[in-house]
Amino acid sequence: MCAARNPVAGRDGLAVLDAEEIRRALTRIAHEILERTHGGGEIILLGIPTRGVPLARRLAARIGEFEGLEVPCGSLDVTMHRDDLRLRPARALGRTELPAAGIDGKTVVLVDDVLYSGRTVRAALDALTDFGRPLAVQLAVLVDRGHRELPIRADYVGKNLPTSQREVVHVLLAEVDDTDAVLIEDGGQP
Amino acid sequence: MTADHISGQAAWLIRGATVIADPAASDGRLAGPADILISGGSVAAIGPGLSAAGARVIDADGLIALPGLVDLHTHLREPGREDAETVETGTAAAALGGYTAVHAMANTEPVADTAGVVEQVWRLGRVAGHCDVQPVGAVTMGLAGTSLAELGTMADSAARVRLFSDDGRCVSDPLLMRRALEYVKAFDGVIAQHAQDPRLTEGAQLNEGEMSGRLGLAGWPAVAEEAMIARDCLLAAHVDSALHVCHVSTAGSVEIIRWAKSKGWPVTAEVTPHHLLLTDELAENYDPVFKVNPPLRTAADVAELRRALADGTIDCVATDHAPHPVEAKETEWSDAAFGMIGLETALRVVQQAMVDTGLLDWAGVADRMSVRPARIGRLTGHGVLLAVGCPANITLYDPAAPPEAVGYGASKSRNTPFAGMELPGRVVATVLRGSPTVLDGKLA
Amino acid sequence: MKRHLISAADLSRADALLILDTAEELASLADRPIKKLPTLRGRTVVNLFFEDSTRTRISFEAAAKRLSADVINFSAKGSSVAKGESLKDTALTLEAMGADAVVIRHSASGAPHRLAGWVRGSVVNAGDGTHEHPTQALLDAFTIRRRLKGPGGTATRGEGLDGIRVTIVGDVLHSRVARSNVLLLSTLGAEVTLAAPPTLLPLAVGSWPCAVSFDLDSELPKSDVVMMLRVQRERMTAAYFPSIREYSRRYGLDVARMARLPEHAIVMHPGPMNRGVEIAAEVADSARSTIVEQVANGVTTRMAVLYLLLGGTEFPEVTQ
């Protein structure tokens with residue numbers, strides 16, 4: 001863990017994970033998924049935009065390397081199901097792309113970068129029910145920073161990161177931000 | 001005040017005004033502020049340092065004393081549309097605007113096309129007492145444009161009508177217009193035309209131009225006014241009779257009138273205060289308070305109208321005060337009535353558009369808003385530059401009053417396009433034949 | 001803050017792209033088992049239609065319902081308006097019912113502007129007189145983008161209509177669809193040309209962001225999109241053109257003219273059509289014609305508009 005203040009990709013903040021550590025965490029999660037889903041045969045990885053999507057793809061690629069398995073991968077935008085829509089101006093929608101075979105009877109693994117209050121995941125569960133009835137839903141996150149406001153927990157966690165509510169966690173991924181890193185910044189107010 | 005104003009009882013002394021006087025009668029003594037002594041309804045003396053025991057004093061320091069304003073074009077709506085205005089409320093508004101005489105247009109219900117109706121309007125004016133009301137007679141029966149109204153009988157009536165107009169409608173039949181022009185020569189009458197070719201303006205809503213195209217409102221082409229004016233000038237010249245053109249609104253119309261006058265033809269013209277200041281861009285939000293006939297035009301038209309008023313091609317300012325009840329204006333544009341009120345704001349708008357821009361001085365204002373309108377309307381006793389012995393019809397105006405937002409005044413209606421706009425100046429007092437109708441900006 | 005959608009001029013390029021991109025995301029809703037989203041639950045959308053228009057009203061109704069909004073339909077026929085109630089009083093009634101949005105179609109240009117002064121909710125212009133019909137332009141732009149920019153309609157996020165040449169044909173003077181399209185399509189980067197007889201063009205059309213031509217045939221080979229406007233027979237009695245026959249001969253899109261369009265070009269019509277007048281039946285039914293998909297795209301685009309206006313506290317501020 002780098003202790004130095006390190007402006008990365010234009011952002012201030014303490015780097016708590018570097019690219020190498022992210023890579024290892026994703027490798028571990030991929031193995032854990034394979035373990036807990038008995039070989040990953042009937043799973044679908046759905047990334048929550050924005051950064052959940054490249055994470056889902058990386059996981060699918062890893063699983064493909066390890067097991068020679070092509071795991072269906074997609075994205076699930078949850079904007080329309082959020083419970084805080086009325087608090088801010090309307091948001092632009094992210095891409096929703098589900099595999100053609102659908103989700104009925106499959107194990108859906110939702111993938112996101114940060115798990116915080118849990119409200120995004122609740123919205124994702126609601127959105128999923130509009131598409132069908134999965135056999136089970138699991139959750140993989142790169143970072144769990146605590147402070148849950150709903151009874152939601154992740155099945156796979158890259159790193160547990162205790163934070164205070166004043167702090168802001170930035171996840172940077174090469175596909176979006178040209179570099180891989182996880183930063184914590186002091187936000188100033190809770 | 002119902003007193004007959006033939007003999008104003010009290011003597012009044014207006015002290016320290018800048019007097020717009022008759023140059024011939026002032027022999028240079030009025031270079032600075034002067035006093036005006038009023039007695040028996042007339043001007044008894046003008047000069048600095050007058051004194052008069054027993055006279056009530058009006059402090060006019062810093063004020064301009066104009067001959068009482070005369071409006072050639074007002075709609076008092078009575079009889080028939082008393083929900084919008086009455087002679088009482090309309091003339092009160094006129095007095096507050098500095099007017100001592102108004103010409104009441106004939107498009108009432110019933111139409112003023114007989115001696116009976118014009119005499120009724122005339123009497124209502126005398127009873128109200130705020131200013132003189134000179135009725136205008138219709139040119140055609142019922143304003144239908146098909147047969148002449150009894151112009152001679154109206155001229156001979158107690159109302160002594162000299163100005164005839166179908167305003168609201170155009171006398172579009174060229175033969176009828178020719179006959180009317182010829183006929184009124186017998187009694188020194190004047191035909192005032194509302195120039196609007198009906199076929200070119202069917203369903204028209206707004207000046208035809210960039211705005212009307214953008215807003216999807218049927219266009220009102222300038223040529224509908226200009227072609228009619230050209231025709232009427234030629235007719236007036238042909239039969240050698242007086243034509244007055246109502247509410248000129250386009251640069252093209254000005255050019256035609258200028259040409260006609262250069263030929264020595266008997267043509268006069270008026271412009272409204274709103275056409276000196278406002279353009280069709282105000283229609284952007286479809287607020288019908290800006291809907292008027294003729295429509296607001298472009299900035300280029302406004303500039304040309306100002307120049308024309310300054311050089312006298314346009315003879316006078318006439319308000320075309322057109323009251324409408326709230327529900328006639330609080331609706332979709334295409335459903336709304338045409339018209340704006342303007343008696344109370346006229347002088348302030350003219351100050352903003354003409355005096356403060358350096359185009360006209362106060363002597364010019366007196367000429368365009370009092371002398372010429374009275375002459376065109378053949379109105380005696382008004383429009384006389386102040387001189388000893390002339391009737392005491394006087395407007396006291398403060399051009400230096402701090403600019404104030406226009407509110408709602410004495411008119412019964414609220415359709416002023418200047419609402420909330422800051423205009424300079426303030427009418428302080430109006431005197432009608434020696435008796436004040438307005439003192440300190442309020443009805444006396 | 002954008003509270004209303006009354007004119008296509010209200011939308012910047014970024015705003016328009018946001019609406020189109022949002023519509024792209026919502027388009028797949030029709031393929032899902034549950035064709036509904038909860039986003040506007042508890043919001044009330046009133047359809048205030050003073051002019052008959054089943055097609056547009058149903059489109060807005062479907063859009064609102066798919067977002068779980070409550071819809072109240074108010075049609076002028078047989079209502080208090082037919083008895084002479086003013087627009088203002090109707091507006092105050094809606095206000096009392098708590099409308100979050102009012103979709104208004106009216107025969108008077110400027111009616112939505114007046115309405116916006118009397119209600120607190122959002123006003124969406126569904127066509128006012130001869131002024132504008134912004135959601136029509138949006139669905140037209142969406143249709144053009146799908147057909148001409150995306151391979152099969154995907155991967156067009158953030159893309160405008162740059163370089164696309166659109167020819168709009170017909171009674172431009174009286175067309176709210178034309179006005180909105182000229183504004184929106186040029187905002188999105190398209191090159192717009194109007195083709196019409198001089199009597200059916202506004203006098204000041206030179207100040208519009210488009211080219212003008214009196215000769216349809218010279219425009220066809222260089223058009224990627226031909227948009228036909230409906231021409232009303234009543235215009236003939238007002239001397240806008242001598243006869244339907246002559247109009248059709250000079251400005252109608254028949255099979256021969258369609259053959260002179262580039263390979264990829266599409267034919268559009270806002271509907272309802274006068275088959276045989278401005279457009280031949282075979283053209284309307286051809287593969288180039290987008291008339292049917294324009295209807296489906298209408299629901300999607302209107303969903304996007306309603307979501308962006310009502311889904312959050314306000315329409316988002318967008319920068320490029």
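Start by selecting chain B: of its 444 residues, 59% count as buried. Here a residue is buried if 20 or more other C-beta atoms, placed from the backbone, lie within 10 Å of its own, exposed if 12 or fewer do, and partly exposed in between.

Before moving on, a word on what is on your screen. This is a predicted model, in which local features need pLDDT of at least 70 and side-chain atom pairs count only at pLDDT 80 or more, while totals for chains, interfaces and linings use all residues. Residues are numbered from 1 along each chain as its sequence is written, and chains are lettered from A and ligands numbered from 1 in the order in which they are written.

**Stop 1: all of chain B**

Switch to a cartoon view and you can look for twelve helices and 21 strands in chain B; these are DSSP runs (helices H or I, at least four residues; strands E, at least two), numbered from the N terminus. The radius of gyration of chain B is 21 Å, close to the 22 Å that the globule rule gives for 444 residues, so chain B is as compact as a globular protein of that length. That radius is taken over C-alpha atoms, and the rule is 2.2 Å times the number of residues to the power 0.38. Along its principal axes, the C-alpha trace of chain B spans about 65 × 45 × 45 Å.

**Stop 2: the two domains of chain B**

Colour 12–65 + 389–443 of chain B as domain 1 and 68–376 as domain 2; such bounds come from an automatic or database domain assignment. Their C-alpha centres lie 26 Å apart. Where they meet, 27 residues of domain 1 of chain B are in contact with 40 residues of domain 2 of chain B, contact being C-beta atoms, placed from the backbone, within 7 Å. On the domain 1 side, select β16 (394–398), β19 (426–432) and β20 (435–439) of chain B, which each supply at least two residues.

**Stop 3: the two domains of chain C**

Now select chain C, with domain 1 at 8–132 + 295–310 and domain 2 at 134–290. Here 26 residues of domain 1 of chain C are in contact with 23 residues of domain 2 of chain C. Elements giving two or more residues to the domain 1 side are α1 (13–27), β4 (122–128) and α12 (291–310) of chain C. Which of them gives the most? Highlight α1(C), with eight residues.

**Stop 4: where chain A meets chain C**

Finally, show chains A and C together: 17 residues of chain A are in contact with 20 residues of chain C.

Key: Two residues are in contact if their C-beta atoms, placed from the backbone, lie within 7 Å.
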